[in-house]
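The sequence and structure come first.

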Amino acid sequence: MKIEIIKADRLKPLPDSSSLGFGTIFTDHMFNMDYSPEKGWHNPRIEPYAPIIMDPATMVLHYGQAVFEGLKAYRTKKGSIQLFRPGENFKRLNRSCQLLCIPELDKYFLLDALKQLLAVEKNWVPSAPETSLYIRPTVIAMDPFLGVRASNEYRFYIILSPVGAYYAAGFNPVKILVTKEHVRAVRGGVGEAKTPGNYAASLYAGTSAHKLGYTQVLWLDGIEQKYIEEVGAMNIFFVIDDEIITPALNGSILHGITRDSVIALAREWRYKMSERRISIDEVMEAHDSGKLKEVFGSGTAAVISPVGELRYGDRLITVSGGQVGPMASKFFKALTDIQYGREKDTMGWIEEVNI
Ligand SMILES: *Cc1c(COP(=O)(O)O)cnc(C)c1O
């Protein structure tokens with residue numbers, strides 16, 4: 001399929017790359033493509049960034065049939081632009097599509113479309129330290145219809161947003177509340193899918209945690225409320241003695257690409273790396289016996305997010321003395337060095353964009 005390119009008449013002023021926030025500024029162009037049962041995915045085009053006009057009955061607004069992805073384009077010191085494991089994002093997008101009864105997309109075509117969009121928007125990839133161009137591919141159900149069924153028509157689009165470091169406070173440990181009242185997802189549900197409903201469903205617990213002074217919620221499993229799942233919208237790692245542990249993928253945890261990359265690096269470095277069930281009690285006991293060394297989250301937005309404090313019921317524990325631990329630092333540095341091209345990519349994770 002050939003991608004039509006319609007350039008914007010007037011370009012927005014580029015933001016000052018040293019004072020970027022997260023997710024508030026969008027570039028001049030977007031990629032759009034439509035789906036109908038007769039034509040399949042068709043009419044791929046890069047066109048000026050614009051609102052999507054829709055009927056108030058459009059199904060996505062009522063029944064939440066939608067999926068999305070999140071990845072970044074990085075500016076290297078040489079001035080080139082590169083992506084980190086983008087094929088994994090499009091593979092996961094298709095897995096999310098399956099779970100939400102959305103027709104799958106050709107992941108090779110999507111990667112090509114993304115690269116063409118980035119070539120058009122190359123000036124928007126910022127170069128200040130720790131900045132990047134956040135990429136949000138999205139699919140939404142478009143039938144104007146009230147009634148619960150899968151939509152017939154869909155829109156796929158990609159928008160781009162220049163971003164700074166995720167946490168305004170920088171690479172500092174966050175405070176986490178382990179929630180006993182709420183669950184994020186259950187096995188057999190759509191916890192593995194990056195679908196808007198999961199995030200809407202997390203707001204109540206997140207807001208309650210914020211009111212108590214915590215940055216994020218740590219979710220326990222939806223059945224026994226005993227085993228650790230994720231933290232906020234990140235996967236989570238524990239360092240207990242010399243073992244690095246992350247919850248195994250069990251159907252309700254998101255398959256994080258940063259998670260997968262941390263595991264791969266840990267194995268490359270010959271650390272004892274386990275994907276297994278880990279209960280909140282095991283974490284508390286490890287803390288009490290002095291074996292809990294570090295806790296950190298992993299995700300595209302923040303890369304690695306060290307945890308300095310954990311509250312569980314009436315227990316409050318400090319991790320790594322409330323400081324950034326050596327493992328969190330090591331993974332953060334290794335991953336960002338590859339992403340920004342400061343170190344050679346021996347893992348085969350980087351995809352160059354021709355600009
Ligand atoms: C996106 C996301 C993650 C992290 O995935 P990455 O591919 O590492 O960015 C983890 N948990 C949830 C719930 C997410 O939405």
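## Ser274

Ser274 has a relative accessible area of 14%, which is under the 20% cut-off, so Ser274 counts as buried. The model is a predicted one. Ser274 belongs to strand 14, which covers residues 272-275.

Leaving aside residues up to four places away in sequence, Ser274 is in contact with Glu243, Ile244, Ile245 and Thr246. With Glu243 the contact includes a polar one between the two side chains, at 2.5 Å. Pro247 is 27 residues away from Ser274 along the chain, yet the C-alpha atoms of Ser274 and Pro247 are separated by 8.3 Å.

## Ser298

Which residues does Ser298 touch, not counting residues up to four places away in sequence? They are Met234, Asn235, Phe237, Thr258, Arg259, Val262, Val303 and Ile304. For Arg259 there is also a polar pair: a polar atom of the Ser298 side chain lies 3.5 Å from the backbone nitrogen of Arg259.

## Helix 2

Helix 2 runs over residues 86-99, 14 residues in total.

Which residues of helix 2 are buried? Pro86, Asn89, Phe90, Arg92, Leu93, Asn94, Ser96 and Cys97 are. As background to such a pattern, an α-helix has 3.6 residues a turn, so residues three or four places apart point the same way. Just after helix 2, Cys101 adopts a positive phi of about 55 degrees.

## Ligand site

The ligand is surrounded by 14 residues, and the closest of them are Lys194, Tyr199, Glu230, Thr258 and Thr300. Thr258 is also one of the residues that Ser298 touches.

For Tyr199, a polar side-chain atom is 2.3 Å from a ligand oxygen. For Lys194, an N or O atom in the side chain is 2.7 Å from an oxygen atom of the ligand. A backbone contribution comes from Ala233, where a polar backbone atom lies 3.5 Å from a nitrogen atom of the ligand. The ligand taken alone exposes 380 Å², of which the protein buries 96%.

Technical notes
Residues numbered from 1 in each chain as written. Predicted model: local features only at pLDDT ≥ 70, side-chain atom pairs only at ≥ 80, totals over all residues. Heavy atoms only, no water. Helix = DSSP H or I, 4+ residues; strand = E, 2+ residues; numbered from the N terminus. Buried < 20%, exposed > 50% of the residue type's maximum accessible area, 1.4 Å probe, protein only. Contact = heavy atoms within 4.5 Å. Polar contact = N/O pair within 3.5 Å; in protein donor to acceptor, adjacent residues only side chain to side chain. Expected span 1.5 Å × (residues − 1). Near = heavy atom within 4 Å. Areas by Shrake-Rupley, 256 points an atom, 1.4 Å probe, with all protein chains shown as cover.
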